[in-house]
Amino acid sequence: MEDKDYLKRINIVLVDTQDGANIGSVCRAMKTMGITDLTLVTKRSYDEDRVHTLALHAWDVYEKAKRVETLEEALADSVFTVGATRRKGKWRKLSSYSPEQLAQRVSLVGEGKVSIVFGRESDGLRDDEVMQCSSIVTIPTSEAFPSLNLAQSVQIICYVLFNKAQLYPTGMTPVSHERIAHAVDGASASLDSIGYYKWDEERKWMKSFLRDMLERAALGEGEIQRFEKLFDKIGKIKLHKEVRSDESSQLS
């Protein structure tokens with residue numbers, strides 16, 4: 001479940017997009033990530049069949065899009081403005097956010113519209129357009145082929161923003177050192193109950209081995225619980241066998 005209010009404030013701004021098909025692809029990239037506020041800065045007319053073909057079920061994003069002729073108009077009511085660009089130069093910003101840093105920054109901005117600006121397919125944003133934004137975001141890419149197409153860029157930024165908006169974020173958070181130590185104490189106690197240790201030094205080294213192994217594995221809470229159940233069951237199996245053995249002895 002995502003925080004829809006967080007996503008509603010995101011406005012994707014496309015400057016002078018050259019091909020309607022790319023606008024359609026952007027609409028789809030946005031909607032899959034729960035972002036539907038689109039502004040088109042352009043004087044062009046687009047072949048709507050090409051837009052529709054690529055937008056598919058995100059056609060409503062295009063239909064509701066705001067159209068303006070200047071970037072200044074597009075950004076007028078925004079509280080935070082960000083240009084998406086990988087180029088650096090004298091008239092560009094001295095530093096840039098990564099997509100993840102941008103998502104974190106957006107989460108700290110007060111109420112209001114956040115506009116993220118993307119340039120033309122051929123050459124991106126001009127220097128004067130970047131200067132109109134307060135910040136820039138740059139998507140890390142390979143130096144061997146650093147260019148992303150428009151829809152890919154929008155998809156990446158929207159995905160990171162969407163993931164930040166999750167009430168229960170995707171991905172796994174490794175358990176803490178303290179949590180691992182607790183799990184290892186339980187596992188060691190189970191090994192002790194089945195007579196695994198022959199001397200105290202062996203207990204010490206086994207606990208150290210299990211702790212180090214689990215921390216390097218960076219397990220999540222669900223996985224560490226399964227680890228605990230495994231060793232808990234080992235102890236219970238031995239106890240169950242001892243009870244059955246005693247019952248058999250009494251019967252004979």
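Me: Which residues does Met-30 touch, leaving aside those up to four places away in sequence?
Reply: In this predicted model, Met-30 touches Ile-12, Ile-35, Thr-36, Asp-37, Leu-38, Val-61, Val-154 and Cys-158, when residues up to four places away in sequence are not counted.

Me: Which residues of the largest nonpolar core touch the most other members?
Reply: Met-30 is one of them, together with Ile-12, Leu-14, Leu-38, Phe-118, Val-154 and Leu-161. The largest nonpolar core has 43 residues.

Me: Now to the cysteines. How many disulfides does the count come to?
Reply: The count comes to zero disulfides.

Me: Is Cys-27 buried or exposed? 
Reply: Cys-27 counts as buried because its relative accessibility is 0%. Cys-158 is buried, with a relative accessible area of 0%.

Me: Where is Val-117?
Reply: Val-117 is in strand E5, which covers residues 113–118. At 0% relative accessibility, Val-117 counts as buried.

Me: What does Val-117 touch, not counting residues up to four places away in sequence?
Reply: Its contacts are Val-13, Val-15, Leu-71, Leu-75, Val-82, Gly-83, Ala-84, Leu-125 and Cys-133. Val-82 is 35 residues apart from Val-117 in sequence, and the two are 6.0 Å apart in space, C-alpha to C-alpha.

Me: Changing topic to pockets: how much space lies in the largest pocket?
Reply: About 430 Å³ of space lies in the largest pocket. Its lining consists of 22 residues, and those closest to its centre are Ala-84, Arg-86, Gly-124, Leu-148 and Ser-153. Ala-84 is also among the residues that Val-117 touches.

Me: How do the residues of that lining divide?
Reply: The lining of the largest pocket has eight nonpolar, nine polar and five charged residues.

Me: And how much space lies in the second largest pocket?
Reply: The second largest pocket holds about 160 Å³ of space. It is lined by 13 residues, and Val-15, Val-41, Glu-69, Arg-120 and Glu-129 lie nearest its centre. Its lining has seven charged residues, with three nonpolar and three polar. Val-15 is also one of the contacts of Val-117.

Me: What about the backbone: what is the phi of Asp-16?
Reply: Phi of Asp-16 is near 50°, a positive value in a residue other than glycine. Asp-16 lies in the loop between strand E1 (10–15) and helix H2 (20–31).

Me: Why does Asp-16 count as buried?
Reply: Asp-16 counts as buried because its relative accessibility is 19%, and buried means under 20%.

Me: What is the phi of Ala-218?
Reply: Ala-218 has a positive phi of about 50°, although it is not a glycine. Ala-218 is found in the loop between helix H10 (200–217) and helix H11 (221–251). At 27% relative accessibility, Ala-218 counts as partly exposed.

Me: One last area. Which helix contains Ser-188?
Reply: Ser-188 is in helix H9, residues 177–193. Ser-188 is buried, with a relative accessible area of 4%. Not counting residues up to four places away in sequence, Ser-188 touches Tyr-197, Arg-203 and Lys-207.

Me: Where is Ser-190, then?
Reply: Ser-190 is placed in helix H9. At 10% relative accessibility, Ser-190 counts as buried. Ser-190 touches Phe-231, Asp-232 and Gly-235, with residues up to four places away in sequence left out.

Me: How many residues apart in sequence are Ser-190 and Ala-58?
Reply: Ser-190 and Ala-58 are 132 residues apart in sequence, and their C-alpha atoms are 55 Å apart in space.

Conventions
Residues numbered from 1 in each chain as written. Predicted model: local features only at pLDDT ≥ 70, side-chain atom pairs only at ≥ 80, totals over all residues. Heavy atoms only, no water. 1 Å grid on protein atoms, 1.4 Å probe; cavity = no way out; pocket = protein on both sides within 12 Å on 5 of 7 lines; lining within 4 Å. Points joined across faces, edges and corners; volume = space filled by probe spheres on them. Nonpolar A, V, L, I, M, F, W, Y, C, P; charged D, E, K, R; others polar. Disulfide = S-S within 2.5 Å. Buried < 20%, exposed > 50% of the residue type's maximum accessible area, 1.4 Å probe, protein only. Core = buried A, V, L, I, M, F, W, Y, C linked by side-chain atoms within 4.5 Å. Contact = heavy atoms within 4.5 Å. Helix = DSSP H or I, 4+ residues; strand = E, 2+ residues; numbered from the N terminus.
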